[in-house]
Amino acid sequence: NGIELQTSAVVSSIINFCIIEYAGGGTNAASIFYAGAPSINISNSIIRLSSKNGINPRISSPRISNTTVRQNAGYGIFADLSLNFTVDSCTISNNTTGGVLIGVNATTVIINSRIDSNGTGIFVSNSASPTIQRNNIRRNNIGIQFTGVGAAQPAIIQDTIINNITWGFLNTSTSTIVV
């Protein structure tokens, strides 16, 4: 299976300087799964080779920093219900389905990171308004894909989006996205 962080987790807990690999089985399908846990931060770690997703912050809002999330069979970070997590100075690469999935209505921040060689680099779900700033988004099938726009426009600032195979930026929503 993997590591499941539950509601009873101690708020001051951290995951720091860890290697977590060959996990992700079971019903939660992630190497690290937040099951209503407080926002336990992940830093200076490697999450790799999961049989599904690397990290699923679920409804928590952790800060993931200086961490490599790679070679997972699903998404590197799969945040289907998460609201405000931050990805800072991370490398998210070679994940089969995608690098980061930003959930519905989320205000996620992805900053100073390398999103490289994934299915879709960053997939933005309906009504999300993320901040995507100063990242290198390259060699993915699709660099950034939007399916809908939230109440506020997303902030896509000073990113390098190059050498993506099919699309650098794909907007499949009916809204205009200002980049």
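What follows is a working chat about a predicted model of one protein chain.

Biologist: What should I keep in mind about the model before we start?
Modeller: The model is predicted, so local features need pLDDT of at least 70 and side-chain atom pairs count only at pLDDT 80 or more, while totals for chains, interfaces and linings use all residues. Residues are numbered from 1 along each chain as its sequence is written, and side-chain values use heavy atoms, with hydrogens and water left out.

Biologist: How many helices and strands does the protein chain have?
Modeller: The protein chain has zero helices and 22 strands, where helices (H or I, at least four residues) and strands (E, at least two) are DSSP runs numbered from the N terminus.

Biologist: And what about the overall dimensions?
Modeller: The C-alpha trace spans about 40 × 30 × 25 Å along its principal axes. For 179 residues a compact globule would have a radius of gyration near 16 Å, and the 15 Å of the protein chain agrees with that; the radius is taken over C-alpha atoms, and the globule rule is 2.2 Å times the number of residues to the power 0.38.

Biologist: What share of the residues is buried?
Modeller: Buried residues make up 51% of the 179, with buried meaning under 20% relative accessible area, exposed over 50% and partly exposed in between (1.4 Å probe, protein chains only).

Biologist: Which strands form the open sheet?
Modeller: The open sheet has seven strands in the order 3-6-9-12-15-18-21, with parallel pairing; two strands pair if DSSP finds at least two bridges between them. Its edge strands are strand 3 (19-21) and strand 21 (160-162), each of which pairs on one side only. Within this order, strand 9 (residues 68-70) and strand 12 (residues 91-93) run parallel and are joined by three bridges, and Thr68 has Thr91 as its bridge partner in strand 12.

Biologist: Switching to aromatics, how many pairs are there?
Modeller: The count comes to two aromatic pairs, on the rule that rings of Phe, Tyr and Trp (its six-membered ring) pair if their centres lie within 6.5 Å, with planes under 30 degrees apart counted as stacked, over 60 as edge-to-face and the rest as tilted. In one of them, the ring centres of Tyr75 and Phe78 are 5.8 Å apart and the planes stand at 45°, so the pair is tilted. Tyr75 is buried at 9% relative accessibility, whereas Phe78 is partly exposed at 21%. Phe146 and Phe169 also form a tilted pair, because their planes stand at 40°, with ring centres 5.7 Å apart.

Biologist: Where do Phe146 and Phe169 sit?
Modeller: Phe146 lies in strand 19 (residues 142-146) and Phe169 in strand 22 (residues 167-171), so the pair ties together parts that are 23 residues apart in sequence. Phe146 is buried at 0% relative accessibility, while Phe169 is partly exposed at 26%.

Biologist: Why is strand 19 called largely enclosed?
Modeller: Strand 19 is largely enclosed by the rest of the structure because five of its five residues are buried. It runs parallel to strand 22, with four bridges between them, and Ile144 stands opposite Phe169 there. Strand 19 also pairs in the parallel sense with strand 16 (residues 120-124), over four bridges.
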